Amino acid sequence: ASLGEACMVVDALGPKATKRQINSIIKEHLSEYKRLPDFRKGGDSASLDQIDRRFAWFRRLQRGVESKYSGVFPAHWKIPHRLVLEFLSQTKSQLLE
């Protein structure tokens with residue numbers, strides 16, 4: 001079975017299962033962002049004046065996700081959109097530390 005077919009099965013299990021899977025996908029792809037020392041408090045790129053480095057990192061991540069999973073996740077899951085929202089939320093939290 002392919003990953004696309006597995007996504008269809010998750011969809012068939014209902015909205016709670018779909019939400020759990022989407023959250024897991026987003027968390028997995030952004031897990032490195034939380035661990036990168038440059039972006040954490042006291043790191044070389046932790047301040048607002050270095051925000052361009054954070055967005056450059058995110059653009060690389062997004063391009064990788066798009067190339068690897070193009071056509072895999074159902075469009076209504078809005079994975080790229082949700083990645084952006086979670087990245088922005090984490091960025092805000094890190095900048096406010």
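Predicted model: local features only at pLDDT ≥ 70, side-chain atom pairs only at ≥ 80, totals over all residues.

Visitor: What makes up the protein chain?

Guide: The protein chain has four helices and zero strands. From the N terminus on, the order is α-α-α-α. The C-alpha atoms fill a box of roughly 45 × 25 × 20 Å along the principal axes.

Visitor: How many aromatic pairs are there?

Guide: The structure holds seven. Take tyrosine 33 and phenylalanine 87, whose ring centres are 4.9 Å apart.

Visitor: Why is the pair of tyrosine 33 and phenylalanine 87 called tilted?

Guide: Two values settle it. The centres, at 4.9 Å, lie within the 6.5 Å limit for a pair. The planes stand at 45 degrees. Under 30 would count as stacked and over 60 as edge-to-face.

Visitor: What makes the pair of phenylalanine 55 and phenylalanine 87 edge-to-face?

Guide: Again, distance and angle. The rings are 5.3 Å centre to centre, and pairing requires centres within 6.5 Å. The planes are 80 degrees apart. That is over 60, so the pair counts as edge-to-face. Phenylalanine 55 lies in helix 3 (residues 51-69) and phenylalanine 87 in helix 4, so the pair ties together parts 32 residues apart in sequence.

Visitor: Which residues form the aromatic cluster?

Guide: Tyr33, Phe39, Phe55, Trp57, Phe58 and Phe87 form one cluster. Leaving aside neighbours within four places in sequence, phenylalanine 58 is in contact with Leu30, Leu83, Val84 and Phe87.

Visitor: Why is glutamine 62 called buried?

Guide: Its relative accessible area is 18%. The cut-off is under 20%, so glutamine 62 qualifies. Glutamine 62 is found in helix 3. Beyond its neighbours within four places in sequence, glutamine 62 is in contact with Pro80 and Val84.

Visitor: How do you know that the span of helix 4 agrees with expectation?

Guide: Helix 4 has 18 residues, and at 1.5 Å a residue it should span 26 Å. Its end C-alpha atoms are 26 Å apart, so the two values agree.

Visitor: Why say that the buried residues of helix 4 line one face?

Guide: The buried residues are Ile79, Leu83, Phe87, Gln90, Thr91 and Gln94. Seen down the axis, they fall within an arc of 105 degrees, so they line one face of helix 4. On the other side, Lys92 and Leu96 are exposed. The cover over the buried residues includes helix 2 and helix 3.

Visitor: Which residues touch the most other members of the largest nonpolar core?

Guide: Of its 20 residues, Leu30, Trp57, Phe58, Phe73, Trp77, Ile79 and Leu83 do. Helix 1 (3-12), helix 2, helix 3 and helix 4 each supply at least two residues of this core. The largest share, six residues, comes from helix 2.

Note on methods: Residues numbered from 1 in each chain as written. Heavy atoms only, no water. Phe/Tyr/Trp six-rings, centres within 6.5 Å; stacked < 30°, edge-to-face > 60°. Expected span 1.5 Å × (residues − 1). Buried < 20%, exposed > 50% of the residue type's maximum accessible area, 1.4 Å probe, protein only. Arc of directions from axis to C-beta. Contact = heavy atoms within 4.5 Å. Core = buried A, V, L, I, M, F, W, Y, C linked by side-chain atoms within 4.5 Å.
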